[in-house]
Amino acid sequence: MSLSTSSPSHDVLTDWASQRWLPVARSGSHDTVPAGIRFAFYGRMSTEEWQDPATSRRWQYDSANALVAGHGAIVTEFFDIGYTRRRGWHHRPQAAALLKLLADRCRGFDAVVVGESDRVFYGKQLILLAPVFAEHGVGLWLPDMHGPLDIGDAAHQAVLLEIGKHSRREVLRARYRTTAAMQAQAREEGRYLGGRPPYGYRLADAGPHPNRAFAKWGRRRHRFEPDPDTAPWVRWMFARRLEGCSYAGIARALNEAGVPCPSEADPQRNRHRHNHAWALRSVASILGNPRYTGRQVWNRQNKQHPAEDDIKAQLAGRQPPRHWNLPDGWVISKTQAHPALVSEQDFVAAQCIRAVPQPADGTTRTYLLTGLLRCGGCGRKMEGHWAHGRPGYRCRHGRNSANPAAGQRSRNLYRREDDLIGCLMAAARPSGPLSMLVDKLLPPSTGQQLAEALRRHQVSIVCRLDGLTIEPGGHRIPQMFTTRQRGTRLDLDYATSTVVE
Ligand SMILES: [Zn+2]
């Protein structure tokens, strides 16, 4: 037994390789680590890059280490994982911790070194941060300068600009490449591209990842399969909708039956929401989700990235706002990607259902003052409400029929449109509080013209039980008549109107 090829309890090669390696002393120098400058290493990787964090950190560290060799040693490190480079330093935890230490004399390092500049600085970040380092006397070592950055050097300034531009170009190129690849994967293969499965489905394993490099380090493909607890409720919701039920009615029925709502069924979803009840919107979003047809649909939402020159947004690194794309912008898989919970015919039919009954005579209902009225009690916009054959406006103070009526709540506020227009027309007369807002040569003669004038001057009307208030300005119009006093409609006397500042 002279040669042993493997021994499970004692991995000779790993032990040997992982021992602490001290740099070999250079000729003429007797001191080893730590000599000279004490460096803090900073690196970053984003999860979107699908990299192995250990590998990414390793090569950035090695690059930084090579840069400082002979000048000192890295004594501490800061590494952000899962943050895009667009996010400013103050908004990446490790980078923020490093920046905070700059002002501390006992920080334990003299300079900061990075392994790849455009991986950690995006756009104008470096130009804005360089003076901060200089102010605290902390050097910034970049591979692009082959050493420390000298902010006063014109050549270095040119390189700084170049780093920011390069970083930005790389992000744009990567985004374009990723988008194109994802569209193709979604359309051609119906591949699941991430995100939480919709209510009614759960994630199931679909074998090793098709990219062999990814598969090698264990990434798997996933697809949706019906969740036995929640899938029946999705089918039930589509069936009710096809019978003409309103979203609110469906939500109420689900709440009454004690069916767990999406955030309850999957606590990892919507962690910011604590209201464990079905809401009208969650029902609407489920019934409008085309993925229940078994097709994979991508690009229903898009991110609006901040403009390239929006430095504030770049430094803050806020998540770009998302917008819903219209169905013509969706990428729909050519084939079924997972079991359907609703047929395509039924899904399309459900999209065409309008639960609000249309007038029998086929006329459309118009509300002249839509968007112009606010509730004085809760501040919400008042909604159009048709009652007794006439347009009107109401505020339910946030309540809707999806949630059961609470015991104690203020009464709905309701105003008839003709009453409101009468009031406002009177207020728009030459001596009235709305007179300055309407064209004196052409005073409004119809409700339509009045509404247009209010919109043009960006005036809104706050409705209270005791009258109306014009905003901005706060001029009050006393409510001289209500529906009960109809027939005794009097001319308004503006001597009694008060101004509330
Ligand atoms: Zn209200």
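Q: Which residue does Gly 384 stand opposite in E14?
A: In this structure, which is a predicted model, Gly 384 stands opposite Tyr 393 in E14.

Q: OK, and how many bridges join E13 to E14?
A: Strand E14, which covers residues 390-395, is joined to E13 by five bridges, and the two strands run antiparallel.

Q: What order do the strands have in that sheet?
A: The sheet is an open one of three strands, and its order is E13-E14-E15, with antiparallel pairing.

Q: Which ones are the edge strands, then?
A: Those are E13 (383-387) and E15 (413-416), each of which pairs on one side only. If direction is ignored, neighbouring strands of this sheet are turned by 35° against each other on average.

Q: And which strands does helix H14 touch?
A: Helix H14, made up of residues 417-427, packs on the sheet and touches both E14 and E15, and its direction makes about 70° with that of E15.

Q: Switching to the helices: at what angle do the axes of H9 and H11 cross?
A: The axes of H9 (residues 247-256) and H11 (residues 280-287) cross at roughly 110°, and they come within 8 Å. Angles of 65 to 115 degrees count as roughly perpendicular, and H9 and H11 are therefore roughly perpendicular to each other.

Q: Which residues make the contact there?
A: From H9 the contact uses Tyr 247, Ala 248, Ile 250 and Ala 251, while H11 brings Leu 280, Val 283 and Ala 284.

Notes. Residues numbered from 1 in each chain as written. Predicted model: local features only at pLDDT ≥ 70, side-chain atom pairs only at ≥ 80, totals over all residues. Axes fitted to C-alpha atoms, helices over the stretch in contact; angles between N-to-C directions. Helix = DSSP H or I, 4+ residues; strand = E, 2+ residues; numbered from the N terminus. Parallel < 35°, antiparallel > 145°, perpendicular 65-115°, else oblique. Contact = placed C-beta atoms within 7 Å. Pairing = 2+ DSSP bridges.
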